[in-house]
Amino acid sequence: MNKKLVGSAVVGAAALTVVVAQFAGGGDDAPAAAPPPTTMPTATTLPYRETKQIYDFPAEAGRGTGGFDVEIPVPTGWAVTEDKDRASYRHGDLLLETDRVALEQEDPVSGLRAVAKAAGHGGSVVEHAPVADYDAAEWDYTDTRDGSPRRITVVGLGVGDRLITIRFEAPPAEFERNRGVLDAALRVTGAG
C-alpha cells in the first residue's frame, strides 16, 4: 500500500479527532453553542441580485404619459424578503426596507405623518431635502424588537399618488456607524 496515502489518512483522522473532541467534548472550556439563527420564511441570500429595488409606474391610461421606474440602490448579498411592494434587506442586526404605499395626503410630510400615526411609534416627522427631484419627508423614532432597542429612520418620497418609503434600522450603537447604508439607498434614480 502507498505510504503517502496511509500517512495522509492517519493525519486526517488525527485532525478530525481533535476537531470532534473540541466541539463535542463538554467541560468548562467547551465553546458555548451559538443561538439558532432567526428564520424568515422566504428569505434568500442573493449575491447576484441587481443592486437596485425597482418600483415600476406604468403609463397612465387616458393620459398619454409614458411609464417610469423609481430605482433605489440596495445592498448586494444581504438576505432579501419580498412581500408585494415591500422588500426587506437584512444583514445581522441591520435592516433596510423599501415599500410603496398609496398616498392619500397631498404631500410626503402629511403622508408620512399618517403612516407614523397608524404605526403608533411616535417620533418626529419633518421635511427632508428632495430626493431625486421628489419631495420627501423624514421620520425618526426608536422602537424595541425582540427586547432590544432599535433606532429607525424612514424617508418617504412623494411619487404621484404613492409614497415610496426607505427605512433603515439598527441598534442605537450601530446606527451612525452604518448610516451609509441609508445614504446609499437615498441615491434614487428615475423620473416621473
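Reader: How many bridges pair β8 and strand β9, and in which sense?

Author: β8 and strand β9 (residues 148–159) pair over 10 bridges in the antiparallel sense. Two strands count as paired if DSSP finds at least two bridges between them. Strands (E, at least two residues) and helices (H or I, at least four) are DSSP runs, numbered from the N terminus. This is a predicted model, in which local features need pLDDT of at least 70 and side-chain atom pairs count only at pLDDT 80 or more, while totals for chains, interfaces and linings use all residues. Residues are numbered from 1 along each chain as its sequence is written, and side-chain values use heavy atoms, with hydrogens and water left out.

Reader: What stands opposite Trp139 in β9?

Author: Val154.

Reader: And what sits between the strands in that hairpin?

Author: Two residues lie between β8 and β9, and Asp146 in this hairpin takes a positive phi near 55°.

Reader: On to β7. How does β7 pair with β8?

Author: Strand β7 (residues 124–131) and β8 are antiparallel, with six bridges. Val126 has Glu138 in β8 as its bridge partner. β7 and β8 also form a hairpin, with two residues between them.

Reader: Why is the pair of Trp139 and Tyr141 stacked?

Author: Because the planes of the Trp139 and Tyr141 rings are at 25°, with the centres 4.2 Å apart. Trp139 is buried at 3% relative accessibility, and Tyr141 is buried at 7%.

Reader: What about Phe168 and Phe175?

Author: Phe168 and Phe175 form a tilted pair, 5.2 Å centre to centre with 50° between the planes. Phe168 and Phe175 are both buried.

Reader: Which charged end sits over the ring of Phe57?

Author: That of Arg100, 5.0 Å from the ring centre. The rule is NZ of Lys or CZ of Arg within 6 Å of the ring centre and within 35 degrees of the ring normal.

Reader: Now the largest pocket. How much space lies in it?

Author: About 380 Å³. On a 1 Å grid over the protein atoms alone, a pocket is an open set of points with protein on both sides within 12 Å along at least five of seven lines. Its volume is the space filled by probe spheres (1.4 Å) set on the points, with points joined across faces, edges and corners.

Reader: How many residues line the largest pocket, and which lie nearest its centre?

Author: The lining has 18 residues, with Arg86, Glu97, Asp99, Thr165 and Arg167 nearest the centre. Lining residues have an atom within 4 Å of a point.

Reader: Which element gives the largest share of the lining?

Author: β6, with four residues.

Technical notes
Phe/Tyr/Trp six-rings, centres within 6.5 Å; stacked < 30°, edge-to-face > 60°. Buried < 20%, exposed > 50% of the residue type's maximum accessible area, 1.4 Å probe, protein only.
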